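Trainee: Could you take one part of this structure and go through it closely? I would like the contacts and charged pairs set out in one connected account.

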Amino acid sequence: MRKNRIQILHKYGYPVEVHTIVTDDGYILTAYRIPRGRNGVSSRSNSHPIMLVHGTCGSSENFIVAGPGKAIAYYLADRDFDVWLLNTRGNGHSRRHRTLNADTDIGYWDFG
C-alpha cells in the first residue's frame, strides 16, 4: 500500500497539518505544513516560514519521499523553518473547484 503525505511524515516523526486554500477564482488547493522538526520542539519561538512549490506535473510529495537526510522539507523543518508544501491547480491533491469539475469541464483548465 502506498503511503500518503501525512503517513509519510508521521512515519518519520514529523508533525503535519493539512490546510485548504480557496483561490479568488474558485480553485481549491491543498497545502501541508510541517511546523517544526521531528524533535517536536522549535528552538525559536518565531521560526521563518518557507513555501515549497513543485514544478509542472509534480506535487508536494516531491519534497518528502526521499526521507530525512535526503529531502529538503525535512532538512528545513529540522533547522527551525515553518515548512509549507503547496499543491498547485490541477495536480492530484488540488483538482477541486467550487463549481467546475476537472474531468468534465474544459473551463477548469482555463487558468494561467
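Mentor: Leaving out residues up to four places away in sequence, I34 is in contact (heavy atoms within 4.5 Å) with L9, Y14, P15, A73, A77, F81, D82, V83 and L85. This is a predicted model, in which local features need pLDDT of at least 70 and side-chain atom pairs count only at pLDDT 80 or more, while totals for chains, interfaces and linings use all residues. Residues are numbered from 1 along each chain as its sequence is written, and side-chain values use heavy atoms, with hydrogens and water left out.

I34 is also one of the residues with the most contacts inside the largest nonpolar core, together with A73, V83 and L85; this core has 16 residues. A nonpolar core here is a set of buried Ala, Val, Leu, Ile, Met, Phe, Trp, Tyr and Cys residues joined through side-chain atoms within 4.5 Å. At least two core residues come from each of helix 1 (5-11), strand 2, helix 2 (72-77) and strand 4 (82-86). Helices (H or I, at least four residues) and strands (E, at least two) are DSSP runs, numbered from the N terminus. Helix 2 contributes the most to this core, four residues. Another core, of six residues, lies apart from it and includes Y27, A31, L86 and A102.

Now the charged neighbour. R33 is in strand 2 (residues 27-34) and counts as buried because its relative accessibility is 19%; buried means under 20% relative accessible area, exposed over 50%, and partly exposed in between (1.4 Å probe, protein chains only). Beyond four places in sequence, R33 touches P15, V16, E17, H19, D82, V83 and W84. Its side chain forms a salt bridge with that of D82, at 2.7 Å from N to O. The term requires a side-chain nitrogen of Lys or Arg within 4 Å of a carboxyl oxygen of Asp or Glu. D82 lies in strand 4 and R33 in strand 2, so this pair ties together parts that are 49 residues apart in sequence. D82 is buried, as is R33. E17 joins R33 and D82 in a network of salt bridges.

The salt bridge count comes to four. Among them is D25 with R89, at 3.0 Å from N to O. D25 counts as partly exposed because its relative accessibility is 38%, and R89 is partly exposed at 25%. R95 pairs with D103, their closest N and O atoms being 2.6 Å apart; R95 is partly exposed at 32%, whereas D103 is exposed at 64%.
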